[in-house]
Amino acid sequence: MKSIPTKSYYLFIAVIIILNLQCFYLLNISITNAIVVPLEIIFFIFTFVTVKKEGKGKYNIEILFLLFIMLSSAYMASRTYGQSIVLGILGQRFWIFSMLMYFPISRLYRASIVSIDGIFKVIDRINFIYIILIFTQFILGTNHQFFQIMSNERNGSIRLYINISFLVLSFFWHLYKLLNNKNYKLDDLFFIFSTIAIYFLVIKSRMGLFSLIIAMILMIFLRKHSIKSIIIMLLFILVGLGLMRTNMINAIIFKITGIDAETTSDIVRSMAREKFMGEVFQTKLNTILGCGYVNTKDMNAFIQSGIEQGLNYNDVGIIGLIFYYGFLYPVWMVFIYVKAIIEGLNNQKFVIYFLLFGLLGIYTLLPGSYVTDISFALALVMTEKKYKYMEQ
């Protein structure tokens, strides 16, 4: 069989990432949703046909167990709301197929066809275009919106509900390189500060920004202190002190201290948590497996679950996932996160902070393990093998 060029596999990964980003939000989501799963299936089959198996993936069992979690939630939704099991499965397909991409990417990684450095070259090229478009849309504002995504205004400027996963993964990679290499590059600074600026100016997520800053501080200080790390930290502190004067940071302080916390969104979240946990504890089976995944195409499930009233599972973080999947999901999370963090300590420490970022905000945000893109799968793969980029 003729050898397949390495670029072909990177091209698959690049196209999947671009589709995860809704083609930089230039296309309607219905178009990209119609393409991404079939492409992921093709990538899966193509890789397993053309690449010889080298060793065994470290997370095979954990990822395959998600199929059981998906099926059990579809079954529980049929019990709770009378929703079709097929609808329950279809509603979860983007998350499940994104997680299953661990298998082909891991196979390529273990066969030394793709590398961490190569993957980040792909991610950074995509992120560069993405960053330029994000700031262009931010400058144009709501009156000239070309991003096909939900937006509103907060703190006097546009707020965009965009995917941040690949920017954050790249953020910790470049920050790790900056802290550990004497000869860092300007692109390290560009991706680090661009990500912070996007989170602060464009996304404006209080808990998200808090999680990013805490994970960043941990990365800087859980290592040998050096003059460079102290200088970098002082710069971030100075920037932080400047930001303290803004309404957004005041809102974060209120969030942490509890002062002035009873905003409309907080009240709705409290109602959602109370309703969801009340239903989870109604029966032992609900406690273990949850009330089931709600596909909003089923009107009965849409009404009974409280979504019609604005009680959304994705607004209450881990509580929303317990509502859908029971305590089975956080137990699974503990297993895979502990394993990934241990592997990251032995191999790629920067991945640990990406994983921590996805955990720190789970009170109001969905964890990094529940995304409809391949960022979490990529992070898992990157913990699997020692990669000494500093020796190159």
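The legends below describe close-up views of a predicted model.

**Figure 1. Overview of the chain.** The chain in this predicted model contains 20 helices and two strands. Of its 392 residues, 51% count as buried. Among contacts between residues at least 6 apart in sequence, 79% link residues at least 24 apart.

**Figure 2. The largest nonpolar core.** This core has 122 residues, and those touching the most other members are Ile 63, Ile 162, Phe 172, Tyr 329 and Leu 378. The element that gives the most to the core is helix 9 (residues 165-180), which supplies 11 residues. In soluble globular proteins, nonpolar side chains tend to be buried together.

Figure 3. Helix 20 spans residues 375-382, and eight of its eight residues are buried. The buried residues are Ser 375, Phe 376, Ala 377, Leu 378, Ala 379, Leu 380, Val 381 and Met 382. Leu 378 is among the core residues that touch the most other members. With neighbours within four places in sequence left aside, the contacts of Leu 378 are Ile 17, Ile 105, Ile 119, Ile 123, Phe 166 and Leu 169.

**Figure 4. Packing of helix 18 against helix 19.** The axes of helix 18 (residues 328-346) and helix 19 (residues 349-360) come within 7 Å and cross at roughly 155°. Angles over 145 degrees count as roughly antiparallel, so helix 18 is roughly antiparallel to helix 19. The crossing of helix 18 and helix 19 is left-handed. On the helix 18 side, the residues that take part are Met 333, Tyr 337, Ala 340, Ile 341, Gly 344 and Leu 345; they meet Lys 349, Ile 352, Leu 355 and Leu 359 of helix 19. An α-helix has 3.6 residues a turn, so residues three or four places apart point the same way.

Figure 5. The disulfide count for the model is zero.

Figure 6. Ser 270 lies in helix 14 (residues 264-280). Its relative accessibility is 38%, and Ser 270 therefore counts as partly exposed, a class that runs between the 20% and 50% limits. Ser 270 and Val 316 are 46 residues apart along the chain, and their C-alpha atoms are separated by 8.4 Å.

Notes:
Residues are numbered from 1 along each chain as its sequence is written. This is a predicted model: local features need pLDDT of at least 70, side-chain atom pairs count only at pLDDT 80 or more; totals for chains, interfaces and linings use all residues. Side-chain values use heavy atoms; hydrogens and water are left out. A nonpolar core is a set of buried Ala, Val, Leu, Ile, Met, Phe, Trp, Tyr and Cys residues joined through side-chain atoms within 4.5 Å. Buried means under 20% relative accessible area, exposed over 50%, partly exposed in between (1.4 Å probe, protein chains only). Helices (H or I, at least four residues) and strands (E, at least two) are DSSP runs, numbered from the N terminus. Contact means heavy atoms within 4.5 Å. A disulfide is a pair of cysteine sulfur atoms within 2.5 Å. Axes are lines fitted to C-alpha atoms, for helices over the stretch in contact, and angles run from 0 to 180 degrees between N-to-C directions. Angles under 35 degrees count as roughly parallel, over 145 as roughly antiparallel, 65 to 115 as roughly perpendicular and the rest as oblique. A crossing is left-handed if the near helix is turned anticlockwise from the far one by less than a right angle, and right-handed if clockwise.
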